[in-house]
Amino acid sequence: MLKLFVCQICGEPHLAVSKPSDCQFCGAPERFIGMVEDYSTLWGITLTAEEKRDMEATLELEVNATAYYRDVAKANEKYEKYERLFKGLARVEKEHAEVAAKFLGVTLPEFTGEKSKGDPKADLERTQKLETHAAAKYREFFANATNQKTKDFYTALIYAENGHREHAEAELK
Ligand SMILES: [Fe+2]
Ligand SMILES: [Fe+2]
């Protein structure tokens, strides 16, 4: 029988027989996925000045990553696997941008950012760098955060971005 699970990080529903291991929308780890009855929104809290500044930086990083991965997916239409991979990455980053915008209470900006570096290897190397940088920033933002919900958001982001970096690294081998 299908059950209704909800991701505590992005709030997206999962109709599934059993609990998914990672959120298919935002990449949060299993411990953040629960039954719909236990769900409460992550955003809607008052951010400290420091959290607000960091959340704005988070939104910028996620908007750029979304735009970049979308462009790479478009550039790789002839390499089916990479088109799929970067489309998947773009979706997750877009979900992160949406949550950051909700925390800030702002409308989602246009997805503009960097462009494909021209070949899959260069793009995978750029992905590795972007994800390493993002995870390092989010560790910093986690340390600055005082609200538990902000901390949970960064915990999930660090997990998701590390997974992206590891995947890019494995593709480069
Ligand atoms: Fe999620
Ligand atoms: Fe992200």
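**Helix packing and domains in a predicted model**

Helix α1 covers residues 49-75 and helix α2 covers residues 80-104, and the two pack with their axes 8 Å apart at an angle of about 155°. Because angles over 145 degrees count as roughly antiparallel, that angle makes α1 roughly antiparallel to α2. Where α1 and α2 touch, the contact is made up of 15 nonpolar residues, together with eight charged and three polar ones.

The crossing in which α1 passes α3 is left-handed. On the α1 side, the residues that make this contact are Glu-50, Glu-51, Asp-54, Ala-57, Thr-58, Leu-61, Ala-65 and Val-72, while α3 contributes Asp-123, Leu-130, Ala-134, Lys-137, Phe-141 and Asn-144. Sorted by class, the contact of α1 with α3 holds seven nonpolar, five charged and two polar residues.

Stepping back from the helices, the reader can turn to the domains. According to the domain assignment of the protein, domain 1 spans residues 3-38 and domain 2 spans residues 49-172. The C-alpha centres of domain 1 and domain 2 are 20 Å apart, and the contact between these domains draws eight residues from domain 1 and 10 residues from domain 2. On the side of domain 1 that touches domain 2, seven residues are nonpolar and one is polar, with no charged residues.

The last stop is a pair of strands. Strand β1, made of residues 3-7, pairs with strand β2, made of residues 13-16, in the antiparallel sense and over four bridges. One of the residues that can be followed across this pairing is Lys-3, whose bridge partner in β2 is Ala-16. In a regular strand, side chains alternate between the two faces of the sheet. The strands β1 and β2 form a hairpin with five residues between them, and in this hairpin Gly-11 takes a positive phi near 80°.

How values were computed:
Residues numbered from 1 in each chain as written. Chains lettered and ligands numbered in written order. Predicted model: local features only at pLDDT ≥ 70, side-chain atom pairs only at ≥ 80, totals over all residues. Axes fitted to C-alpha atoms, helices over the stretch in contact; angles between N-to-C directions. Parallel < 35°, antiparallel > 145°, perpendicular 65-115°, else oblique. Nonpolar A, V, L, I, M, F, W, Y, C, P; charged D, E, K, R; others polar. Domains from an automatic or database assignment. Contact = placed C-beta atoms within 7 Å. Pairing = 2+ DSSP bridges. Left-handed = near helix turned anticlockwise from the far one by under 90°.
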